[in-house]
Structure formats: C-alpha cells, structure tokens
Amino acid sequence: MIGVAVLGSTGSVGESTLDVLARHPERFRLIAIAANTNAAKLAQQIRTWRPAYAALADERAAGELQELLGNAVPETRVLAGRGALEELALLPEVHCVMAAIVGAAGLRSTLAAARAGKRLLLANKESLVMAGPLLMTAVNASGATLLPIDSEHNAIFQCLPAGAVCGHPPPGLRRVLLTASGGPFRDTPAEALGAVTPEAACAHPNWVMGRKISVDSATLMNKGLELIEACLLFGLTPERVQILVHPQSIVHSLVEYADGSVLAQLGAPDMRTPIAHALGWPDRIDSGAEFLDLLKAGRLDFRAPDTEKFRCLVLAQAAACAGGLSPVVLNAANEVAVQAFLERRLNFPAIPAVIEAVMERATGGAIGGLEDVLAADEDSRMHARERIGRLTATAGVRGAHA
Ligand code: NDP
C-alpha cells in the first residue's frame, strides 16, 4: 500500500488525482488531503475518503470545515494554517506527495516533500520556476523521486531512456520540443485582445484547468513557465527547448536524439494520463482517460508561436536565459497580473506590460537560499501591485466585462 498526500485536492489536478486513486484501492491509500479555503469541497472529500489528515491553509476556513464535519468523521484529524501543508508532506506514512497547489503558495510544501525524500509528483510548476536550483538540490540530496505531472514534461520523461532521472540529460539527447495548444486566443487578432474577458480566457479549447493556469495558457506564459521547468527538470539550456504550437493537444511533447530520432508521447488531452503514469511508475496503471483514436483525430498540425502577439513567452525566455532570481520575478509579477485580470482590474494585453515593467526594475542576482527567493517574490509582487495601481489610474487598461 502506497500512502498518498494530495496537496491541492480541491483543484482540477487534485480532483483528477483522486479519480485515479479511486480506481486502485488495492494499491494506494489516501492519507492526507489539503486545500486553501474551499471547506465545502474538502468536507465532501473527507466524507468520501475518510483520510487520516485533512488541512486548510486558511485558518478561518478550517474552522468552518470543523463545523461542517461535526463528529461525522472522527478518524480524520483536521489541521489549519500554512504550516499544516508542510506537516502533511512530512508524515512518515506518506510515501507519495501530489504537489497540486497553484502558484507560489505551493513552494514550501513542495520543498518539504523533496527534502524528506518522498516520491514527489510535481504539478505545481511555479515552485520549480521560483526555486528550481534549491528544489533540484533537495531532490538529489534526499534521494527523492521527482516525477513531472505537467503533461508536456511527463511526455518528455516518458520519451527518455529507462533509468533516466530528472536533472540529468541522458547522453545523446539533442533537444526537447514542447508543444502548446496556443490557447483560446491562438487565432484572435492582436487588436481584439484588449476586449477579451476572463471567461473567454478560461475557456480553454482542449483542457479543463484551474483559472490561473487557464489564463497562463491564453497568454502563453504557461509555455514560458514550462520552458523554465523543462530546463531545470532535464538539465537543458533554453536553446535546447523548441516551442511548437500544436492546436490538437494530442502530441504532448517530443525528444530529439543525436541520431535524428524523434520520440513523442501522444494521448487524449486528459490530466489523468500523466497522473496515473507518475502514480504507477514504473508500472502502467489504468487512468480512466479515453483511448486515442488517431483516425478520428485525422491530422496533427504544428507551427511556430506568435511572439509578437504573445509577449509573455518572450519575457519567460529572457528570464530562462538570465536564470538566478529572474524567474522568481517573472512568476511573481505574473501571478499578481493574472489575479488582477481575473478580477477585471486589468485588461489582457496589460498582463505582459506589467510583468515587463517589474522585470526591468528588478536587480536579479543569484539564488543563495530560500530567503532570497521569498524576498524577490515579495518585492516583485509589491512592484506589480504598484504598477497595476498606476496603470489603472489611466484609462484603457481595465478588464472587460462579460
Ligand atoms: P486549481 O485552481 O484548480 O486548484 C488549486 C488548488 O490549490 C486548490 O486545491 C486550492 O485550494 C489550492 N490552493 C490555492 N492557494 C492555496 C494556498 N494558499 N494554500 C493551500 N492551497 C492552496 O489549479 P489546478 O489544479 O489547475 O493547478 C494546480 C497546479 O498544477 C498549478 O501549479 C498548475 O500550473 C499545475 N498544472 C495544472 C494543470 C491542469 O490541467 N489543471 C496541468 C498542468 C499543471 P482551494 O480550492 O481551497 O482554493
């Protein structure tokens, strides 16, 4: 029995993980689940799964959760506060941690799981973008097993030779090709982007995901974050990662080898496939995803991304090349700008404008330790909020209403 903790269990990846776990009760035991504020959904999950532990980072919501549960599930201990997530990641009966919290909020628990030598299923790409060198060092030092959940990185991992480990490119690997759907605005004229709504940005053509990553997909920042993630996970320079727009989202990514061979992983766009791959690895287990019918799919198209229209990708490429604290700045400014867009305080084209302004002001530098990462994160968030405040005082950058 493999003990599992799902951090971010109320989210899109979290729910898909529970769906896969439910198919294999003989193999996995859900020990702990955690979220931020969604007491109602967590209470429902606790009633279904009866895990030993459940936590909400938000203390008030944790109180609400206790009230909702009453004495109905005495076997579940409810924890509260941000520190509780790290506690869950460290439990000795937890062998496998699904890191599916969105954004920088997932950093500490992800790092804790890496330091404790767990099998770490990494969906929370922001923690790797922010603290990649620290996270990879922790994985190497503790002997943790790092398995990527992002469908693209999971695809790349699947195309590596058996025995390959994250952080070390196998001999003969020339480059990786990261695919991108292009998001909901792939074919929208640049002039029309000022009027797009959060609802339109979150209506991804192929994937059902949380709101933040949906907006990141629409701006192509998601691909930028994934570029940084790929460099760290597979020990590559940014020049060895090519980005391809592939509207069908069937080829999840590819690896090119020195002999000219290109290996790809294909599948229906369903996160349960990479989740099941990482949960079962090295075995293959049922995921519940539909099997791919290539005759029905018909064609597979590829084209270069439009970097004039999607400036976030260029900004992320610059941060990837600069390294050090630059990705921290990029990520923090992006999180703040995306939140402002979702709250209709900022329009879509202003997202890269805010990030660029924050990056221009940042001093960068190397990552000495976690304190540097947290300080740069806080500083960049403050600059981003200031910039948004100044921008919204002028006309024309407020978000559009549905
Ligand atoms: P969702 O927004 O659907 O879910 C986010 C989860 O994180 C929720 O459980 C939420 O809890 C929790 N959370 C948010 N803030 C905090 C906090 N401060 N402390 C503790 N928990 C918190 O996101 P997704 O599932 O879409 O994405 C999760 C991660 O996986 C992201 O990093 C994303 O980039 C990555 N990813 C997602 C994919 C997808 O298909 N969705 C694909 C590849 C990667 P609550 O519900 O209480 O707010």
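1. Ground rules. In this predicted model, local features need pLDDT of at least 70 and side-chain atom pairs count only at pLDDT 80 or more, while totals for chains, interfaces and linings use all residues. Residues are numbered from 1 along each chain as its sequence is written, and side-chain values use heavy atoms, with hydrogens and water left out.

2. Helices here are DSSP runs of H or I with at least four residues, strands are runs of E with at least two, and both are numbered from the N terminus.

3. A polar backbone atom of N38 is 2.8 Å from an oxygen atom of the ligand. For V102, a backbone N or O atom lies 3.4 Å from a ligand oxygen, and a polar backbone atom of A123 is also 3.4 Å from an oxygen of the ligand. The protein covers 86% of the 890 Å² of accessible area that the ligand has on its own. Accessible areas come from the Shrake-Rupley method with a 1.4 Å probe, and for residues only the protein chains shown count as cover.

4. Helix α9. Why call α9 (211–219) largely enclosed by the rest of the structure? Because seven of its nine residues are buried, where buried means under 20% relative accessible area, exposed over 50%, and partly exposed in between (1.4 Å probe, protein chains only). The buried ones are K212, S214, V215, D216, S217, A218 and T219. They pack against α6, α8 (198–202), α10, α13, α14 and α15. S214 has a relative accessibility of 1%, and, leaving aside neighbours within four places in sequence, S214 is in contact (heavy atoms within 4.5 Å) with A201, C202 and M209.

5. Helix α15. The 12 residues of α15 (350–361) should span 16 Å at 1.5 Å a residue, and the end C-alpha atoms are 17 Å apart, which agrees. The expected span is 1.5 Å times one less than the number of residues. Buried residues in α15 are A350, I351, P352, V354, I355, A357 and V358. Their packing partners are α9, α10 (221–234), α13 (311–322), α14 (326–342) and α16.

6. Helix α16. The same check works for α16: its 24 residues should span 34 Å, and the end C-alpha atoms are 35 Å apart, which agrees. Buried residues of α16 pack against α5 (107–115), α6, α14 and α15. Take T392, which sits in α16 (370–393) and is buried at 15% relative accessible area. A polar atom of the T392 side chain lies 3.2 Å from the backbone oxygen of G389. Beyond its neighbours within four places in sequence, T392 is in contact with R345, L346, V397 and R398.

7. Most residues other than glycine have a negative phi, and most peptide bonds are trans. A cis peptide bond joins W281 and P282, with omega about 5 degrees. P282 lies in the loop between α11 (272–280) and α12 (294–297). W281 counts as partly exposed at 29% relative accessibility, and, leaving aside neighbours within four places in sequence, W281 is in contact with R119, T145, L147 and F157. R50 has a positive phi, near 50 degrees, and is found in the loop between α2 (39–49) and β3 (53–56). R344 has a positive phi too, near 60 degrees, in the loop between α14 and α15.

Terms used
Polar contact = N/O pair within 3.5 Å; in protein donor to acceptor, adjacent residues only side chain to side chain.
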